[in-house]
Amino acid sequence: MTTQTLLNTGETGNTAKLTAIVDLLGRVGLSVIFLLAGISKIQYYEANAQFLASGGLPAELLPLVIAFELIGAILLVVGYQTRLAALAFAGFSVATALLYHNNLADQMQFLLFFKNIAMAGGFLVLAAHGAGEFSIDAKRRK
């Protein structure tokens with residue numbers, strides 16, 4: 001049963017509250033890796049600039065990547081423009097997998113590649129279903 005189905009079936013208020021809490025926890029879970037990555041990129045700026053360049057992208061893009069990760073993660077946590085942010089993160093996750101984790105013969109890169117693909121899947125589900133009731137998006141609809 002989807003979140004919308006649960007919210008629209010006339011189920012008890014407890015079910016709707018539980019669904020809203022799970023939606024929020026899911027958004028936080030998807031966001032935390034990007035919040036931590038953005039902070040790490042600031043702390044270890046030079047090493048991350050070199051890593052960015054190793055994938056064929058100019059190191060000068062690093063400030064944009066940091067801003068994307070931090071601002072996008074915050075948007076997801078608060079549930080603002082969630083569908084758009086989730087689509088952007090899905091694309092970002094796939095691009096990162098293809099550019100930086102494409103040596104599938106290496107077991108660690110294999111796992112990182114498919115971790116990114118799995119995260120992209122989660123972001124696509126979030127994009128399809130929206131942020132849920134505990135979000136700015138829901139407050140704006142009312």
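**Patch and cores**

Author: Phe110 has its place in helix α6. Keep in mind that this is a predicted model.

Reader: Is Phe110 buried, exposed or partly exposed?

Author: Partly exposed. The relative accessible area of Phe110 is 36%. That value lies between the 20% and 50% cut-offs, so Phe110 does not count as buried.

Reader: Which residues make the nonpolar surface patch?

Author: Val94, Leu98, Leu104, Phe110, Leu111, Phe114 and Ile117. The patch covers about 560 Å². Two elements, α5 and α6, each give two or more residues to the nonpolar patch. The largest share is from α6, with four residues.

Reader: OK, inside now. How many residues are in the largest nonpolar core?

Author: It has 13. Phe34, Leu76, Ala86, Phe89, Phe123 and Leu126 have the most contacts inside that core. Two or more residues come from each of α2 (13–43), α4 (62–78), α5 (82–100) and α6 (107–129).

Reader: Which helix gives the most to this core?

Author: That is α6, with five residues.

Reader: Take Phe123. What is it in contact with, leaving aside neighbours within four places in sequence?

Author: Phe123 is in contact with Leu30, Phe34, Leu76, Ala86, Phe89, Ala90 and Ser93.

Reader: And which residues are in the other core?

Author: Apart from the largest one lies a core of six residues, including Ala49, Leu62, Ile66 and Tyr100.

How values were computed: Residues are numbered from 1 along each chain as its sequence is written. This is a predicted model: local features need pLDDT of at least 70, side-chain atom pairs count only at pLDDT 80 or more; totals for chains, interfaces and linings use all residues. Side-chain values use heavy atoms; hydrogens and water are left out. A nonpolar core is a set of buried Ala, Val, Leu, Ile, Met, Phe, Trp, Tyr and Cys residues joined through side-chain atoms within 4.5 Å. Buried means under 20% relative accessible area, exposed over 50%, partly exposed in between (1.4 Å probe, protein chains only). Contact means heavy atoms within 4.5 Å. Patches are made of residues with over 30% relative accessible area and no salt bridge: like charges are joined within 9 Å, nonpolar side chains (Val, Leu, Ile, Met, Phe, Trp, Tyr) within 5 Å. Accessible areas come from the Shrake-Rupley method with a 1.4 Å probe; for residues, only the protein chains shown count as cover. A salt bridge is a side-chain nitrogen of Lys or Arg within 4 Å of a carboxyl oxygen of Asp or Glu.
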